[in-house]
Amino acid sequence: MELNRVPAHVAIIMDGNGTWAKKRGLTRNMGHRKGAKTLVDIVRASNELGIKYLTVFAFSTENWKRPKEEVDYLMSLPESLLNDYQDDLIKDNIRFRVIGSRKELQKEQVEKIEEAEEKTKNNTGLQLIVAFNYGSQDEIVEATKGIVKEVLKNKVKIEDINKDVISKHLYTKDIPPVDLLIRTSGQYRISNFLLWQISYSEIYFTKILWPDFKKKDLEKAILSYQGRDRRFGGIKE
Ligand code: IPE
Ligand code: IPE
Ligand code: MG
């Protein structure tokens, strides 16, 4: 792996916690607990590798369909992780952000997230972006409403709507497109994650379950990325 050519923006669909737990006769929530530990390690590893943006899918707008006990546990994770690791984020110069809809979240939860965002907003190392209650289709719907409102107020002309205007209305407005998308646990789908932002991403699927994912697996994905020929619709010289 060439350290001077790591992807600027890596996104991960952290999948397979339930399967990992089931294989061990544990509850699904124990799988999520181990998955959260993996996240802490991978954030550290990404910062060490010099990745600039790491976006992780932690809870989708579709995950509300799961049993209440599981939803409750997943909802509690950001707060408990921030309680344990907020000081590390500051010490390691990591900027923390959350993307997704906050309307369905509890007030205390939102306050905790906002506090961490505020305290780390000037950090210049890795940007850790947690997609929580995130759905890409909802994001595009909200962007569309925002643009329509601006048109109605004569702030934007229809002729001036372009890809840039749309990008600027997404949660990721100041974040570059994804270079490398990783999905663990051997499922080959996107599950409503960053549809706009992955238009030219390289995609890496691995059978490894998220709780088992290690720094060496991230390095393997980056090595694969470094062997790709990114053409963006053009041709090789
Ligand atoms: C990913 O693991 C975590 C979330 C979706 C929140 P899963 O819980 O989806 O694990 P599997 O897919 O059932 O193994
Ligand atoms: C995607 O995983 C969401 C997260 C990793 C948070 P899911 O497990 O929810 O996706 P599907 O249901 O297998 O598509
Ligand atoms: Mg899953």
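The legends below describe close-up views of a predicted model. Residues are numbered from 1 along each chain as its sequence is written, and chains are lettered from A and ligands numbered from 1 in the order in which they are written. Because the model is predicted, local features need pLDDT of at least 70 and side-chain atom pairs count only at pLDDT 80 or more, while totals for chains, interfaces and linings use all residues, and side-chain values use heavy atoms, with hydrogens and water left out.

**View 1. The aromatic pair of Y134 and F193.** Rings of Phe, Tyr and Trp (its six-membered ring) are taken as a pair if their centres lie within 6.5 Å, with planes under 30 degrees apart counted as stacked, over 60 as edge-to-face and the rest as tilted. By this rule the count comes to nine aromatic pairs. In one of these pairs the ring centres of Y134 and F193 are 6.0 Å apart and the planes stand at 90 degrees, so the pair is edge-to-face. Y134 lies in strand β4 (residues 127-134) and F193 in the loop between β5 (180-183) and β6 (202-205), so the pair ties together parts that are 59 residues apart in sequence; helices (H or I, at least four residues) and strands (E, at least two) are DSSP runs, numbered from the N terminus. Y134 is buried at 0% relative accessibility, and F193 is also buried, with a relative accessible area of 0%, where buried means under 20% relative accessible area, exposed over 50% and partly exposed in between (1.4 Å probe, protein chains only). F57, Y134, Y171 and F193 form one aromatic cluster.

**View 2. The packing of helix α2 on helix α3.** Helix α2 (residues 28-49) and helix α3 (residues 68-91) pack at an angle of about 30 degrees, and their axes are 10 Å apart; axes are lines fitted to C-alpha atoms, for helices over the stretch in contact, and angles run from 0 to 180 degrees between N-to-C directions. That angle makes α2 roughly parallel to α3, given that angles under 35 degrees count as roughly parallel, over 145 as roughly antiparallel, 65 to 115 as roughly perpendicular and the rest as oblique. The contact (heavy atoms within 4.5 Å) involves residues including H32, A36 and V40 of α2 and Y73, L77 and L81 of α3.

**View 3. The packing of helix α2 on helix α7.** Here α2 and α7 pack at an angle of about 50 degrees, with their axes 9 Å apart, and the two helices are therefore oblique to each other. The contact is made by I42, A45, S46, E48 and L49 of α2 together with K215, L218, E219 and I222 of α7.

**View 4. The surroundings of V71.** V71 is found in helix α3 and counts as buried at 7% relative accessibility. Leaving aside residues up to four places away in sequence, V71 touches F59, N63, W64 and R66. From C-alpha to C-alpha, V71 and F59 are 9.1 Å apart in space, and they are 12 residues apart in sequence.

View 5. Most residues other than glycine have a negative phi. N154, although not a glycine, has a positive phi of about 60 degrees; N154 is placed in the loop between α5 (136-152) and α6 (163-168) and is exposed, with a relative accessible area of 71%. S191 has a positive phi near 50 degrees, lies in the loop between β5 and β6 and is partly exposed at a relative accessible area of 32%.
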